[in-house]
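Work through the exercises below with the sequence and the model side by side. Try each task before reading its solution.

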Amino acid sequence: MDIKDSRMYFNRELSWLRFNTRVLNEAKNPNILLLDNLKFIAIYGTNLDEFYMIRVAGLKRLYASGITEVGADKLTPLQQLTEIRKYLHAQQKELEHIFSTIKAQLAQENLSIKQVSELNTDEKRLLKEYFFNYLYPVIVPVLVDTTHPFPHLNNLSFAIALKFKDSNGFKYGLIRIPRILPRFFELDSGVFIPLEQIVGEFAQEFFENYEIVSYTPFRITRNADMEIEEEEADDFFQIMSEGIKTRRKGEIVRLEIGQNDEDLLAFVRFHVKVDPCDIYTFKIPYLINLNGLWQIVGSKAYAHLSSAPFHPKVLPPLDSNTDIFATIDNSDALLFHPYESFDSVVNFIQTAAKDPDVLSIRMTLYRVGKNSPIVEALIEAAENNKQVTALVELKARFDEENNLHWAKRLESVGAHVIYGIPGLKVHAKIALVIKKVGNTLKEYVHLGTGNYNPSTAKVYTDLSLLTSDKDIAKDAIKLFHALSTGNARKTTLNKLKIAPTQIKAQLLALIEGEIDQGEQGRIIMKANAFVDTDIIQALYRAAQAGVKIDLIVRGICCLRPGVKGVSENIRVFSLIGKYLEHARIYYFKNADVPIYFASADIMPRNLERRIEILTPSISNTITQKLFEIVNIQLKDNTQIHELQSNGEYKKLLPPEKQKPLSAQDLFEEMTNALYDTTKKSQGTKAKRLIKKMMGES
């Protein structure tokens, strides 16, 4: 088969749906605790919200614009929309079945999710007190008639629609449920009551002159993708602020609603203008807002039903009391989060902010979180009269408002703030500290695959490099100058490689190098997504030349493995576990520098429309550590799935007589053992686990 044949490519959107199915299937995993099962349902729902807000909304715009073909798979927007809807409507039954199973199992552990009709008299009395004390004052009821039009509903608005009766016939209304309210009311007995059930039970209090016949919850999803004309913007800060407001008014792209009275459902459908194919009707109404399940997952009273959190460790050489800059002078440090603590990166910036010899701190900020110790350290540094430059990426989707806040805070203390680069997103994760040492200047650099966010660093697997390598420092200085002058689109670096000018060409050259080696070639690439057609075609050619290729791709993969004569030398795996696999590692056996880590995925947007960084290994120790990470993940036999040539994923099971091996669990064990080695001299256990990780078991 020709490598350009559309049958050699999976559709991006349908591949993503299969990823989210793997997430949902973890809710059925019998080897994890019940609230961990429930957590995967919440993650599934959160993922699906964003998919509809961005990807489905985008396909709808393409279809409306008359676009008939996108992507190497050749599926039109309408064909994609049809397949997406078919897939999700079929999966809804599976979702309800999985949830019902978990709900029944939780009830056996004295944690129940109940309807009001299932409560006893005392419980209903507590419910009534809660309603009048906490809900009645903040809820706004609306009777929809000629003088009270159907109100505007913001994106992800949650409400109940009501059908009334009086002497003149039937009328309709709704009650919006504010986001500030919890999704469930928890009774002391371990019973959780969905909020819409409570509001519906006492809705008569709002409409005293009417008899309530029926009610049903519903939720809308709007197009949340902002279209910003950057080149026409005189004030980019202002135009982003306006763009955030328009997100509330985007076209409605999905309606979720509970099963109920057909007249009532017709009332909602009439006022919520959405394609009938994008209406999802639930038998279990409180599955309409899956994001609300996080409240139950995080219940402290039932912490025993969740896995104990892993506590990241600070390992040598960063565990000493030595000044962190002196430590970096002596040794480069590659950290593997969340196993190795992100606190070392925070400490790097905080120490720089306080050190009287530090003259300058420069950073890129993409997603930093609402309570950011790193940005607070930058503010402190600026207040200490240090030169602070921060590129705050205002186009980081769903973090725009938070980033606007931090940009204003930084500017208010005199920091130099760059609001991104027109036409490009700055997704690179880099920090540069310049320090006076004697009569010279010394540079220290942090490079990472993840965001400068201590919260996500506890649940995402990512890599961090702290180094004083002179060549990397020169590249870092050049990059920040290019970002400040707006010339980053054309800039090239030396030791580091950046997108959009270098990374794709570098990866293609590295693949060609393995093609030249034929059957002696070997490629391992770990990424979050694999979409770029040029890279995929290069890998097909490599596979045809006899190169053995393993891809570890968490989410979207458009490459079709296992096709005779084209991709039979390619295997594709996806690892789904308690941590979100987020590190990108690229290995080419015969290259002068065989292994790299990157902020960039294998997607056109990363390689062509973003500022990204590809970082080479700079020592044998780092090379070995990066290779060990992908090597042990390829040996996982409990959390890993293999992509089949038909597009389905098969979860791998331990071979007979072979012990189960979870890569994420093993990394935890190894990190604990290494930590114990330094604290308690438990060297034997550490050596045994290190051998395991290196594939010597």
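The exercises go from the whole chain to single residues.

The model is predicted: local features need pLDDT of at least 70, side-chain atom pairs count only at pLDDT 80 or more, and totals for chains, interfaces and linings use all residues. Residues are numbered from 1 along each chain as its sequence is written, and side-chain values use heavy atoms, with hydrogens and water left out.

**Exercise 1. Confidence**

Task: Find the mean pLDDT of the protein and a stretch where pLDDT stays under 50.

Solution. 
- Step 1. pLDDT is the predictor's confidence in each residue, from 0 to 100. Its mean here is 91, and 93% of the residues reach 70 or more.
- Step 2. Residues 228-237 stay under 50, with 20 contacts (heavy atoms within 4.5 Å) beyond four places in sequence.
- Step 3. Residues 693-697 are also below 50, and this stretch has 15 contacts beyond near neighbours in sequence.
- Step 4. Where pLDDT is low, the predicted coordinates should not be read in detail.

**Exercise 2. Overall build**

Task: Describe the secondary structure of the protein and say how its radius of gyration compares with the globule rule.

Solution. 
- Step 1. Count 19 helices and 27 strands. These are DSSP runs, numbered from the N terminus: helices are H or I with at least four residues, strands E with at least two.
- Step 2. The radius of gyration, taken over C-alpha atoms, is set against 2.2 Å times the number of residues to the power 0.38. The protein has 27 Å, close to the 26 Å given by the rule for 697 residues, so it is as compact as a globular protein of that length.
- Step 3. Along the principal axes, the C-alpha trace spans about 90 × 65 × 60 Å.
- Step 4. Of the 697 residues, 57% are buried. Buried means under 20% relative accessible area, exposed over 50%, partly exposed in between (1.4 Å probe, protein chains only).

**Exercise 3. Nonpolar cores**

Task: Which residues of the largest nonpolar core touch the most other members?

Solution. 
- Step 1. A nonpolar core is a set of buried Ala, Val, Leu, Ile, Met, Phe, Trp, Tyr and Cys residues joined through side-chain atoms within 4.5 Å.
- Step 2. The largest core has 122 residues; L38, I41, I198, F530, L539 and L551 touch the most other members.
- Step 3. Helix α2 (residues 34-64) gives the most to this core, with 13 residues.
- Step 4. Apart from this core lies another, of 51 residues, including L424 and L661.
- Step 5. Now check I198. Leaving out residues up to four places away in sequence, I198 touches V116, L127, Y130, F131, L135, F185 and I193.

**Exercise 4. L507 and N110**

Task: Is L507 buried or exposed, and is N110 buried or exposed?

Solution. 
- Step 1. L507 lies in helix α14 (residues 503-517). With a relative accessible area of 1%, L507 is buried.
- Step 2. Beyond four places in sequence, L507 touches I535, Y586, F588, I602 and L614.
- Step 3. N110 lies in the loop between α3 (77-107) and β1 (112-113). N110 is exposed, because its relative accessible area is 56%.
- Step 4. Phi of N110 is near 65°, a positive value in a residue other than glycine.
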